[in-house]
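Open the model in your viewer and keep the residue selection panel at hand. The stops below go from the whole chain to single elements.

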Amino acid sequence: MPIVPLTGWIRCRKGNVFMNWLLKFMYGRHGPDQFSFWLFILFLVLDLIGSFQAGAAKAIFALLAIAALVYSLFRIFSRQNEKRWAENQKFLAATQPLSRWVQQQKGRWSSRKIYHYFRCPKCGATLRVPRGRGKICIKCPVCQHEFIKKA
Ligand SMILES: [Zn+2]
């Protein structure tokens, strides 16, 4: 076998080739945000539901799943940062009640051994009481209604 002399090459930094390419590729692009993340989750959910369907329903779910995936990727690779940013802000504003509720439930779950949660029978406000206080009279700070509970 003849020896072929190399005339040009690029230095290969171990492991960095892909990252360098990715950084270059993503430069000036919007990148992932919450809206794209949840679109991707939507894609996974639709894909999962679709796998349990048959016939036309399967096709519809597959189509919706792909639409969600394409939209998610389109947003990540978009160069129109401002437009995408505004969309994400709208998305966050629209889902704020839900995300606040999720945060609340998380807090309740992590402090379930310390606190008891009661719902005011009059106005529906959620009231937090330390556990282990026995039978107590609760006065709702919102509507001043008084009721007796065991905490
Ligand atoms: Zn109340």
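A residue is called buried if 20 or more other C-beta atoms lie within 10 Å of its own, exposed if 12 or fewer, and partly exposed in between, with C-beta atoms placed from the backbone. By that count, 7% of the 151 residues of the protein are buried. This is a predicted model, in which local features need pLDDT of at least 70 and side-chain atom pairs count only at pLDDT 80 or more, while totals for chains, interfaces and linings use all residues. Residues are numbered from 1 along each chain as its sequence is written.

**Whole chain**

Start with everything selected and colour by secondary structure; helices (H or I, at least four residues) and strands (E, at least two) are DSSP runs numbered from the N terminus. The protein has five helices and four strands, and along the sequence they follow the pattern α-α-α-α-α-β-β-β-β. The radius of gyration is 27 Å, well over the 15 Å that the globule rule gives for 151 residues, so the protein is more spread out than a compact globule. That radius is taken over C-alpha atoms, and the rule is 2.2 Å times the number of residues to the power 0.38. The C-alpha trace spans about 95 × 45 × 35 Å along its principal axes.

Two residues are in contact if their C-beta atoms, placed from the backbone, lie within 7 Å. Among the contacts with a separation of 6 or more, 36% are between residues 24 or more positions apart.

**Helix H2 and the core**

Select 34–51, which is helix H2. H2 has 18 residues and reaches 26 Å from its first C-alpha to its last, close to the 26 Å expected at 1.5 Å a residue; the expected span is 1.5 Å times one less than the number of residues.

Which residues of H2 are buried? They are Phe35, Ser36, Leu39, Phe43 and Leu46. These cover an arc of only 95 degrees around the axis, which puts them on the same side of H2; the arc is that of the directions from the helix axis to the C-beta atoms. They pack against H3 and H4. On the other side of H2, look for the exposed Ile41, Leu44, Leu48 and Ser51.

Next, select Phe35, Leu39, Phe43, Leu46, Ala65 and Ala68, the six residues of the largest nonpolar core. Such a core is a set of buried Ala, Val, Leu, Ile, Met, Phe, Trp, Tyr and Cys residues joined through C-beta atoms within 7 Å. H2 gives the most to this core, with four residues.

Centre on Phe35: apart from its neighbours within four places in sequence, Phe35 is in contact with Arg75, Glu87, Asn88 and Phe91.

In helix H4 (residues 81–94), pick Trp85. Trp85 is partly exposed, with 13 other C-beta atoms within 10 Å. Draw a distance from its C-alpha to that of Phe118, 33 residues apart along the chain: the separation is 40 Å.

Move to helix H5 (residues 96–110), whose 15 residues reach 21 Å from first C-alpha to last.

**The hairpin**

Finish with residues 135–139, strand S3, which is joined to S4 by five bridges and runs antiparallel to S4; strands pair if DSSP finds at least two bridges between them. Ile138 stands opposite Phe147 in S4. The two strands form a hairpin with six residues between them, and Gln144 in the turn has a positive phi of about 70 degrees.
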